[in-house]
Amino acid sequence: MSSNPPPLRSPRDTDAPKTGNLATLVCYDSVLRTGWIFKTESVIMPAFLDLVAGPGWIRGCLLVVNRFGQSIPPALFARRLARLSRKKHALAVWTTMMAVPFLALAGIWSVVGRSPPEGMAHLFLLLYGVFSCCHGLTQISYATLQAKLLPVRLRGRLMLISVPCGSVFAVGFALWLMGTWLDRDDGGFARIFGFTGICFLVAGALSLLLREPADPPAVASRRRRHPLTEAYGVLRGDRNFRHLAIVVMLTAIGTVLFPHYQALARQRLQLAGDNLMVWVVVQNAALGVFGLLLGWVV
């Protein structure tokens with residue numbers, strides 16, 4: 001008996017999908033980060049809430065809503081995501097859905113921007129809550145897809161390339177557009193929200209270019225526990241996970257204060273609205289340098 005050996009593939013054939021996906025993910029990250037700089041939770045979003053609301057406690061709700069969207073919806077969606085044969089479709093859907101609240105806000109603000117109604121702050125928090133849920137689902141889809149498509153050695157390279165490149169594009173567009181928009185009578189938020197939504201739409205379309213092999217059909221488990229029950233079981237049984245959870249909780253407590261810094265600076269230092277652009281530029285430039293160093297280490 002003789003059996004034909006499987007055809008040998010050259011390293012170029014083997015690495016081509018990986019390097020192609022790496023380039024696509026870099027483009028995806030860069031476009032997403034460019035839109036993100038125009039909706040920074042620590043600067044732009046709380047400044048908008050200050051314009052339409054006023055009380056500091058409403059501003060403080062911003063990151064609470066954000067953290068809820070990044071925790072509960074992904075936990076509930078994880079099992080369904082695991083059963084999908086191609087995860088890129090979930091990434092495309094949820095990235096595109098991230099654009100919808102901002103495009104809606106852009107349309108609303110273009111109409112009521114010079115005389116916002118009393119309920120504008122509540123409407124904004126509602127739409128921002130929808131965005132936060134979509135963002136949490138995007139994050140889990142992205143992390144799952146990255147682990148599937150890229151070997152470990154390429155994940156650090158992805159951060160090494162995408163974070164600095166994304167920061168360069170984001171800072172460039174902010175310097176070009178944001179200052180002029182913030183000087184408008186209505187704060188320029190219609191254009192800011194619209195640009196953010198367009199960037200998320202483009203990122204969603206880019207995710208469909210990923211070359212992802214289909215997964216085999218998942219075998220359904222006979223015993224199905226609620227995802228939150230499973231999460232509690234891990235928290236109770238894994239000591240290292242509990243330590244990690246404490247670190248994350250302490251970090252989250254610190255980040256909840258971020259939206260108040262811009263209000264404090266504008267009130268105490270009498271800074272104008274165009275300083276918002278300087279703050280987001282510095283923040284994203286620092287993130288680019290941090291990503292360069294961390295990507296090199298990983």
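Colleague: Does Thr40 count as buried or exposed?
Modeller: In this predicted model, with residues numbered from 1 along each chain as its sequence is written, local features need pLDDT of at least 70 and side-chain atom pairs count only at pLDDT 80 or more, while totals for chains, interfaces and linings use all residues. Side-chain values use heavy atoms, leaving out hydrogens and water. Thr40 has a relative accessibility of 6%, and because buried means under 20% relative accessible area, exposed over 50% and partly exposed in between (1.4 Å probe, protein chains only), Thr40 counts as buried.

Colleague: Which residues does Thr40 touch, not counting those up to four places away in sequence?
Modeller: Thr40 is found in the loop between α1 (11–36) and α2 (44–52), where helices are DSSP runs of H or I with at least four residues, numbered from the N terminus. Taking contact as heavy atoms within 4.5 Å, Thr40 touches Met45, Pro46, Val280 and Gln283.

Colleague: What separates the C-alpha atoms of Ala203 and Leu25?
Modeller: Ala203 is found in helix α8 (residues 189–207) and is buried, with a relative accessible area of 0%. Beyond four places in sequence, Ala203 is in contact with Tyr28, Val31, Leu32 and Thr95. Although Ala203 and Leu25 are 178 residues apart along the chain, their C-alpha atoms are separated by 9.5 Å.

Colleague: How far apart are the end C-alpha atoms of helix α10?
Modeller: The expected span is 1.5 Å times one less than the number of residues, so the 17 residues of α10 (residues 239–255) should span 24 Å. The model agrees with this, placing the end C-alpha atoms at a separation of 25 Å.

Methods. Helix = DSSP H or I, 4+ residues; strand = E, 2+ residues; numbered from the N terminus.
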